[in-house]
Amino acid sequence: MHWRKLLVPLTSLLLLLTASAGAGAAAASTGSPAGAGAEVAAADYGAPGPYATAVEVGAVTTLYYPRDIATSDRRHPVIVWGNGTFAFPVVYRELLLHWASQGFIVAAANTPQSNLGISMRAGIDLLTRRNADQGSPFHDRVDLEHIGASGHSQGGAAAIVVGADPRIDTILPIQPGPLADIDGVHVPALLLAGQKDSIVFPFLVKSFYNDADHIPAIYGELRGADHLTVVGDPGPFAAPTTAWFKAHLMGDQTARAQFFGADCGICTDSGTWSDVRRNGLANR
């Protein structure tokens, strides 16, 4: 199809321009506080979480994580992240720091070509080694039993690819490109589209949803969002993505009620969502 030939170069151009504009905001390995010491209401998933955050930039993986993880009294679930075409983790810094402030360790692949998911899987391998290393601040603080995969555009397709890895517990592709096969995924999926996305059109994301009849799958289309709404300040993407991962990786039942049950939060929030669909397995 002609749209497949146009999708990658258009996405590349737009994300490259955005990455250049946002590069000055990149942190060194020390990171910066995000909601340090803040008390956040249980259902306020769009607000900064209670953890100060840190960033560690490596050769293959950039880690966003709770700054005081070495002295934490818990293990922290993992989110592996894939970038859009020609983009880098710094482009999505605010969203990734937001998840870290909520208690997640985010392993973001540094590659601008993430579709195969190789570098995303490498992030899991890295944290597995760090968790076992007694000299690492991550020692015994990584919850390797609860891992999610997410990404934007090409990275959204990569999240679907990585979703076939048995270590993954859920996927959350954001405006995923077309080069993936959701038939290999065997975990719950939240597939996000933008109502005004003219690069990854909503019908392309719906096609993944329609194919995902073998897993609990939800399609959510954010009202007014275009392809770059998630870049920089993640705006309407912050709360639902956080709630999804809290529900599936932390067992947060209030977060789960945003997506499941007769009165699910996103099902009745027409101000935020222009279209919400749940398949039969997600309606249970």
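Buried means under 20% relative accessible area. The exercises below use that cut-off on a predicted model.

**Exercise 1. Is S153 buried or exposed, and where does it lie?**

Solution. 
Step 1: locate the residue. S153 sits in the loop between strand 5 (142-152) and helix 4 (154-162).
Step 2: apply the cut-off. S153 has a relative accessible area of 2%, so it is buried.
Step 3: check the backbone. S153 is not a glycine, yet its phi is positive, about 60 degrees.

**Exercise 2. Classify F86 by phi and by accessibility.**

Solution. 
Step 1: F86 belongs to the loop between strand 3 (76-82) and helix 2.
Step 2: its phi is near 65 degrees, a positive value in a residue other than glycine.
Step 3: the relative accessibility of F86 is 37%, so F86 counts as partly exposed.

**Exercise 3. Describe the chain as a whole: its secondary structure, burial, contacts and surface.**

Solution. 
Step 1: count the elements. The protein chain has eight helices and nine strands.
Step 2: take the burial. Of the 284 residues, 53% are buried.
Step 3: look at contacts with a separation of 6 or more. Residues 24 or more positions apart supply 66% of them.
Step 4: The accessible surface is about 11,400 Å², and carbon and sulfur atoms hold 55% of it.

**Exercise 4. How many disulfides does the whole structure hold, and what is the hand?**

Solution. 
Step 1: a search of the whole structure returns one disulfide.
Step 2: identify the partners. C264 and C267 form it, with sulfur atoms 1.8 Å apart.
Step 3: read the torsion. About the S-S bond of C264 and C267 it is about 95 degrees, so the disulfide is right-handed.
Step 4: place each cysteine. C264 has 0% relative accessibility and therefore counts as buried. C267, at 35%, counts as partly exposed.

**Exercise 5. Why is helix 2 described as largely enclosed by the rest of the structure?**

Solution. 
Step 1: helix 2 spans residues 93-101.
Step 2: list its buried residues. They are R93, L95, L96, L97, H98, W99, A100 and S101.
Step 3: conclude. Eight of the nine residues are buried, so helix 2 is largely enclosed by the rest of the structure.
Step 4: follow the chain onward. Q102 lies in the loop between helix 2 and strand 4 (105-109). At 4% relative accessibility, Q102 is buried too. Its contacts beyond four places in sequence are D44, Y45, A47, P48, G49, Y51, T242, K246 and M250.
Step 5: note the glycine. G103 comes after helix 2 and has a positive phi, near 105 degrees.

**Exercise 6. Which residues does Y65 contact, leaving aside its neighbours within four places in sequence?**

Solution. 
Step 1: Y65 is part of strand 2 (residues 61-66).
Step 2: its relative accessible area is 11%, so Y65 is buried.
Step 3: list the partners. They are A52, T53, A54, V55, E56, A100, F104, I105 and F138.

**Exercise 7. Where does N279 lie, and what does it contact?**

Solution. 
Step 1: N279 falls in the segment after strand 9 (273-278).
Step 2: with 10% relative accessibility, N279 counts as buried.
Step 3: find the polar partner. A polar atom of the N279 side chain lies 3.0 Å from the backbone nitrogen of A282.
Step 4: leave aside neighbours within four places in sequence. N279 then contacts Y209, A212, D213, I215, P216 and A217.

Terms used. Residues are numbered from 1 along each chain as its sequence is written. This is a predicted model: local features need pLDDT of at least 70, side-chain atom pairs count only at pLDDT 80 or more; totals for chains, interfaces and linings use all residues. Side-chain values use heavy atoms; hydrogens and water are left out. Helices (H or I, at least four residues) and strands (E, at least two) are DSSP runs, numbered from the N terminus. Buried means under 20% relative accessible area, exposed over 50%, partly exposed in between (1.4 Å probe, protein chains only). Contact means heavy atoms within 4.5 Å. Accessible areas come from the Shrake-Rupley method with a 1.4 Å probe; for residues, only the protein chains shown count as cover. A disulfide is a pair of cysteine sulfur atoms within 2.5 Å. A polar contact is a pair of N or O atoms within 3.5 Å; within protein, one must be able to donate a hydrogen and the other to accept it, and residues adjacent in sequence count only if both atoms are side-chain atoms.
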